[in-house]
Amino acid sequence: MRLRRWLPFCLFFLFVASIIVGSNVGRLRSITSLVNNLPFGDKCGHLVLIATLTFLLNYALNGRKVKIGRLKILLGGTIVAVAMTVEEISQIWMPLRTFDLIDLSANYLGITLAGLPWLNRNAVVDR
């Protein structure tokens with residue numbers, strides 16, 4: 001039962017990780033140039049990939065939430081947000097990559113959209 005929840009996330013994580021590593025070492029230039037030639041292609045790619053990754057992690061964690069003050073937030077979204085923030089900032093020091101706040105914003109939008117299925121009024125703020 002647990003494998004059924006975690007396997008999709010693990011496989012998709014490996015896919016996203018391979019895209020990141022391939023981009024870091026310059027192995028995906030033909031694909032990235034194709035995506036970059038599409039209007040908003042790069043930003044849509046960030047949004048879709050990160051939303052899917054976040055949704056699958058939230059699913060694997062069964063919608064588990066963590067409490068920060070009075071706020072309850074999804075653990076999966078929190079993990080992906082931290083990881084993607086670190087990954088985007090790390091691009092500052094990589095010669096083949098470029099830090100972009102709009103890419104980071106597209107990631108955050110994807111994380112937010114992926115959390116919507118687990119959202120309900122009572123779960124967001126303790127009263």
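This is a predicted model: local features need pLDDT of at least 70, side-chain atom pairs count only at pLDDT 80 or more; totals for chains, interfaces and linings use all residues.
How many of the 127 residues of this chain count as buried? The share is 30%, where buried means under 20% relative accessible area, exposed means over 50%, and partly exposed lies in between, with a 1.4 Å probe and protein chains only.

Residues are numbered from 1 along each chain as its sequence is written, and side-chain values use heavy atoms, with hydrogens and water left out.

Let us begin with the overall layout. The chain has six helices and two strands; these are DSSP runs numbered from the N terminus, with helices (H or I) of at least four residues and strands (E) of at least two. Along the sequence they follow the pattern α-α-α-β-β-α-α-α. The C-alpha atoms fill a box of roughly 50 × 30 × 25 Å, taken along the principal axes. Contact means heavy atoms within 4.5 Å. Among contacts between residues at least 6 apart in sequence, 64% join residues at least 24 apart.

I turn now to the two strands. Strand 1, residues 65-68, pairs with strand 2 in the antiparallel sense over four bridges; pairing requires that DSSP finds at least two bridges between the strands. Within this pair, Lys67 stands opposite Lys72 of strand 2. The two strands form a hairpin with two residues between them, and Gly69 in the turn has a positive phi of about 65°.

Next comes the interior. A nonpolar core is a set of buried Ala, Val, Leu, Ile, Met, Phe, Trp, Tyr and Cys residues joined through side-chain atoms within 4.5 Å. The largest such core has 13 residues, and those with the most contacts inside it are Phe9, Phe12, Ile50, Leu53, Leu57 and Val80. Helix 1 (2-24), helix 3 and helix 4 each supply at least two residues of this core, and helix 3 gives the most, with five. Leaving aside its neighbours within four places in sequence, Leu53 is in contact with Phe9, Phe12, Phe13 and Val80.

Val80 also belongs to the buried residues of helix 4, which include Leu75, Gly76, Met84 and Glu88. These buried residues pack against helix 1, helix 3, strand 1, strand 2 and helix 5.

What covers the buried residues of helix 5? The cover includes helix 3 (41-60), strand 2 (71-74) and helix 4 (75-90). Among the buried residues of helix 5 are Asp103, Ala106, Asn107 and Gly110. In general, an α-helix has 3.6 residues a turn, so residues three or four places apart point the same way.

Beyond its neighbours within four places in sequence, His46 is in contact with Ala51, Glu88, Asp103, Ala106 and Asn107.
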